[in-house]
Amino acid sequence: MPDKQQSKAAWVIGLMLSGLAINILGAELAAATGVVLYLDSIGTALASLFGGFVPGILVGFITNLIKAFIDGPSIYYGLINVLIAVFVAYFARRGWFDKIHKVIVPVLATGIFVGTISSILTWFLYGFATEGITADLAAWFNSKTFLSMFFSQITADVSIDLLDKLVSFYIAFAVFQLIPHKVRPNLMLTGWKQEPLSMEMLRIARKTRIRSLSLRAKILIVLIPSMFAIAIAGTLISYLIYVNMTIEDRKELGQTVATLETALIDPERVDDYIENGEKAPGYTDIEKKLTEISNSADDVEYIYVYRILEDGYHVVFDLDTPDLKGADPGEIVPIEDTFKPYLPQLLEGEEIEPLVYTDRYGYLLTVYKPIYDSEGHCSCYACVDISMKKLYDAGLIFLAKLFSLFFGLFIVILAVGLWLTKYHIILPVNTISYSVSHFAHDRDDAMEQHVKQIHELAIGTGDEVETLYDAVSKMADDDLAFTQDIQKKNDTIMQMQSGLIMILADIVESRDKCTGDHVRKTAKYVEIIMEQMKFMDIYTDQLTDEFMKNVCDSAPLHDVGKIHVPDAILNKPGKLTDEEFTIMKEHTTAGAEILDRAIELVPDTGYLREAKNLALYHHEKWNGTGYPMGVSGEDIPLSARIMAVADVFDALVSKRSYKEGMPFEKAMSIIHEGAGSHFDAEIVRAFESAEDEVRRVSEMTMEASVNRII
């Protein structure tokens, strides 16, 4: 474990130990001073405020485990401290402990809910409180109000709990505010198996879009029902074992008491006991001893001795109880329906298994033990009824204890399980998903940055998630290397394309002995015009980076159609005839046809489409009097309107076989005059604004121009 994680673990362990100590000391202080408070959850609140759900829940549960060594029943209230931790951590996460006036909300919510659960648990464990912190207040509510004992108990418990949480939570709030903000992150329990995420990345990772159920939800769907099923099964099995063991204990008790009865009864004198009752010698002494046996065992409800005949039970002894007077000796008691199936065995003097049943006398376990005379005949039966009501009450108490223990432990396991799942599965998987889904392919630098970020995650869960991360990292590396290789090849291809364009332009140009470096200069003018237009916010919606690059790359091809013009016309020293000019004008459509064939071979190349626009439309005029299509205004492609200015200007300032070059200022004035008729006025405005740069290019030698453009 890195030193930083060890240090953080030490802080969290220290927080939990401090919380345990504060809880125990607070409870002892409350007991010693006699204040009407518990003060055993201050440490739980502090652990939840600083450390989150898991430290708070563990401190709450362990507190009651420790207290159980002093006061055994405290173990059953572990659920209460766990619920307090859950409430505090929940409200702390939502900012309810940031301001003093907001703390009252968690005080009320926790006090009412937890106080009610605690009171119900106490009711099942002990019934109406006769001692303890809330006993006097519960008795007062019961005597002074219309509330029943149950609701008096709840009202008293909630009232004291509200007061306790008011004091405890505000003490915790005060400590929380005293701890510097820079220290608090050290106390928050985290379990990163990767480079910790920033708060922004953590928020994004938690909100990863999914198609149906999130991984967290699926884990909860599996975990919660499974744990509930285990808890219910464990509770039922434990309860059944408890009930069966208790019944066996009661049977053993009944057998013991019945055996003691048989030792007191003289089977040879049973007839005398039935006939004369208390007048029979020794009857009263036996009755007293039977009473002593009955009083010695709390669970013994009735002790009696019957002679069982077909007409009913003939009473030999039947002790009085506070609630029921026993039958007189010799009295015949009707046989209960429960025992009628066993009457043949009883008439034969056989011993039957103890019976558990419910009748008009209550929920009982009855033991019949035969008493035999000297000749081996059954003279009578020693009978014992063991009350099973206490078993029922004890069973409810036992269930309440099991529920409290299981549910408290359930929350502990659930919290720890979700915490481990969060840091070992959910966050790593969501982080990988986010990194892959936002992987950039548009720029090399962006790709390199994303690959670096993926490697910096350093996910090390040591399981399948780490294997997935390693595979994603390798894929990112391979993708970057492959993309960089493709980019290098693309750059080579683009250089080849640019070179081929210039070679093609040179081939065309070499046939025209007078054009010189026309194609190169016009390409440079086009670039200057577009940069100035972008600076001046002219047609910026069309002047994208891709558009500008395509126009610059394709500008040298605007006169490619001249390859079809005969040399005699192309290099004629004088003015062209109308027929010759008609042939010359066909270089626009011829260039478009050449580029159409190129586009068929490479359909997705944007610069070829712009090259076609330039070749076909660069002699069109804004007012529609140009050629070959006669279109006007913005129906002329933007690239061709730009080329029109550059082409005419270069033709004016350049020397031709049939003329000398025109002075710069004169050429600029002609371009200015053509704005709105020959040219797009906005493009002319941009061209004139870049006059200095245009002049510099126009004065460049052919060699210098070649060096700058290539």
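User: Why are the side chains of Asp 299 and Arg 250 said to meet in a salt bridge?

Analyst: The term requires a side-chain nitrogen of Lys or Arg within 4 Å of a carboxyl oxygen of Asp or Glu. Helices (H or I, at least four residues) and strands (E, at least two) are DSSP runs numbered from the N terminus. The model is predicted: local features need pLDDT of at least 70 and side-chain atom pairs count only at pLDDT 80 or more, while totals for chains, interfaces and linings use all residues. Residues are numbered from 1 along each chain as its sequence is written, and side-chain values use heavy atoms, with hydrogens and water left out.

User: How do you know whether Asp 299 is buried or exposed, and Arg 250 likewise?

Analyst: Relative accessible area decides the class: under 20% is buried, over 50% is exposed, and values in between are partly exposed (1.4 Å probe, protein chains only). Asp 299 has 16% and is therefore buried. Arg 250, with 15%, also counts as buried.

User: How many salt bridges does the rule give, and what makes Glu 527 and Lys 524 one of the pairs?

Analyst: The count comes to 21 salt bridges. The closest N and O atoms of Glu 527 and Lys 524 are 3.3 Å apart. Both residues lie in helix H17 (residues 518–535), separated by 3 residues, or about one turn of the helix. Glu 527 has a relative accessible area of 31% and is therefore partly exposed, whereas Lys 524 has 16% and counts as buried. In general, side chains of opposite charge can pair when their charged atoms come close.

User: What makes Asp 680 and Arg 641 a salt bridge, and where do the two residues lie?

Analyst: The closest N and O atoms of Asp 680 and Arg 641 are 3.1 Å apart, and the pair forms a salt bridge. Asp 680 is in the loop between helix H24 (664–673) and helix H25 (681–689), and Arg 641 is in helix H23 (residues 638–653), so that the pair links parts of the chain 39 residues apart. Both Asp 680 and Arg 641 are buried. Elsewhere, salt bridges that share partners join Asp 161, Asp 164 and Lys 165 into one network.

User: How many disulfides are counted, and why is Cys 378 placed in none?

Analyst: The count is 0 disulfides. A disulfide is a pair of cysteine sulfur atoms within 2.5 Å. With 28% relative accessible area, Cys 378 is partly exposed. Cys 552, with 23%, is also partly exposed.

User: Why does Phe 173 count as buried, and which residues are in contact with Phe 173?

Analyst: The relative accessibility of Phe 173 is 9%, so Phe 173 counts as buried. Phe 173 is in helix H7 (residues 149–178). Beyond neighbours within four places in sequence, Phe 173 is in contact with Leu 49, Phe 97, Asp 98, Lys 99, Ile 100 and Val 103. Phe 173 and Ile 100 are 73 residues apart in sequence, with 7.6 Å between their C-alpha atoms.

User: At what angle do helices H5 and H14 pack, and which residues make the contact?

Analyst: Helix H5 (residues 104–126) and helix H14 (residues 389–437) pack at about 145°, with axes 8 Å apart. Axes are lines fitted to C-alpha atoms, for helices over the stretch in contact, and angles run from 0 to 180 degrees between N-to-C directions. The contact is made by Leu 121, Phe 124 and Leu 125 of H5 and by Ile 397, Ala 400, Lys 401 and Ser 404 of H14.

How values were computed: Contact means heavy atoms within 4.5 Å.
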